[in-house]
Amino acid sequence: MKSLLRNIRIFVVVFTVLFALFITGVIAQSNRARTTWLESAGEDKAALKSRYKMAGEIITADDVILAGRDEQGNRRYAANDVLAEAALHLVGDYTHNITNTLESLWQDHLLGSGRPFLTQLKLDLSGKGLEGDDLLLTVRSDLMIEAARALKGKRGAVAIMNYRTGEVYALVSKPSVAPENVIAWKNIPDTALFNRALLGRYVPGSTFKIVTATAFLNQREYPHDLKVTCRGKKALMPGGVFERYMKSTHGTPGLEKAFATSCNHYFGHIGLLLGAQPLKEAAKALAFNTEFSLDRLKVAPSVCDIGHEDDAAITWAAIGQPGGKDRVSVTPLHLAMIASAIANGGVMRQPYIVEATRTPMGEIREIDHDATITILDRLVTDKMSDMMRSVVTDGTGKKANIKGIDIRGKTGTANVEDEDGKMVTNNLFAGFIADEKTPFAIGIVLEDSRSGTAPAVAGTLLRYAVGKVR
Ligand SMILES: [Zn+2]
């Protein structure tokens, strides 16, 4: 009898506790439903502000908060102003005034909606049911800040990634603005909300000679030790390429020297020998005309749509400066990926930025990123890697040459019309460090900038990265 009474007492206590927990869960869930309803009602700004009070944090690989909350529980962005601006295009704003961002596209995780039932129940019972998941990123705050400083006062973008794993360490687009301005929708400089790193479609200029050179190395019809006489300012053929930036000539270089000095006559000549189709195939093998994203963030596909014009136009397309109906474009992130493929023995990894999510209980969920975008012939990419070293030691990329670091790359200058119809010269660089311990690749575009500025920025940033990321 005694033991029966005791069992009943235990049963009542256990039942009461479970019932209390269940009611807590129900209240939490109904709160969620209410705020979700408010939020979906035309993305009301006040509702979003209240909803994001419980949102998860966005945290860099070196543990710096890019998005979190202040003492009052309001959504706040990076405490460091330079970092907050540098990360704007990536992180976004809780009002969703810009949309190709983590705040917008990872909203389900950040706000904790759409969790599996049992996960949600467990969180409700622990009283953390309304909190969202944190996003743990691959980007590093120190590199983001350094990249932003290197781009200060310029228009352009830089992407730095690990070519072995695909982790993106830095992605910065300038001009930018403080997240508070975006939320308040005031004092936003012209084009400051445009994410150039992912969506900027740039004329590649001589960085496209990477494509032309791989197309040439892919074939056996013409000898790889072919030499071509450079005629300087004199056009290769009527309407064809010439040397825009030098008074003399490159002499009679072979492939390696022509690549290092970026000889337009050489690459115009081999473009003509090959024709449009092999160039397009080599471009495709380097992920031009290919859809890919950066986790959930949209990336503009790079385009190689050539062969619509005459032979003279082929010589221009071969040096990355297409004319007429021919079109070639590349994004700064894709420039880093092209360098990555050359650096990584021909394997272009899928770049990514969100390493894992973390529940309010502290459970870390790694995201599977083991994906490859394209694979090239290793014999060709190893040869390209050597040629890209010559660019930095003896050619147009000398400003990227840092003592003690094996930096390789290809420079580009592209003449384009800016928004006002004025002709400007963009400066580009695609490069990497040939070292197992620091497998970093970089892509840079600087609008309306002098020749040599992009390789100089690449050298500065890669040297900085070597000191920081080990
Ligand atoms: Zn030349």
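**Backbone exceptions and a helix pair**

Alanine 287 is buried, at a relative accessible area of 0%. In this predicted model, the residue sits in the loop that links helix 14 (276–285) to strand 7 (293–294).

Aspartate 63 is exposed, however, and its relative accessible area is 66%.

A further backbone feature involves proline 175. The peptide bond joining lysine 174 and proline 175 is cis, with omega about 0°. Proline 175 belongs to the loop between strand 6 (168–174) and helix 9 (179–184).

Helix packing was examined next. Two packed helices are described by the angle between their axes and the distance between the axes. Helix 8 (residues 141–150) and helix 18 (residues 453–468) have axes that come within 10 Å. These axes cross at roughly 160°. Angles over 145 degrees count as roughly antiparallel, and helix 8 and helix 18 are therefore roughly antiparallel to each other. Their crossing is right-handed.

Helix 8 contributes Asp142, Leu143, Glu146, Ala147 and Ala150 to the contact. Helix 18 contributes Val457, Leu461, Tyr464, Ala465 and Lys468. Of the residues in this contact, seven are nonpolar and three are charged. No polar residue takes part.

Conventions. Residues are numbered from 1 along each chain as its sequence is written. This is a predicted model: local features need pLDDT of at least 70, side-chain atom pairs count only at pLDDT 80 or more; totals for chains, interfaces and linings use all residues. Side-chain values use heavy atoms; hydrogens and water are left out. Axes are lines fitted to C-alpha atoms, for helices over the stretch in contact, and angles run from 0 to 180 degrees between N-to-C directions. Helices (H or I, at least four residues) and strands (E, at least two) are DSSP runs, numbered from the N terminus. Angles under 35 degrees count as roughly parallel, over 145 as roughly antiparallel, 65 to 115 as roughly perpendicular and the rest as oblique. A crossing is left-handed if the near helix is turned anticlockwise from the far one by less than a right angle, and right-handed if clockwise. Contact means heavy atoms within 4.5 Å. Ala, Val, Leu, Ile, Met, Phe, Trp, Tyr, Cys and Pro count as nonpolar, Asp, Glu, Lys and Arg as charged, and the others, Gly among them, as polar. Buried means under 20% relative accessible area, exposed over 50%, partly exposed in between (1.4 Å probe, protein chains only).
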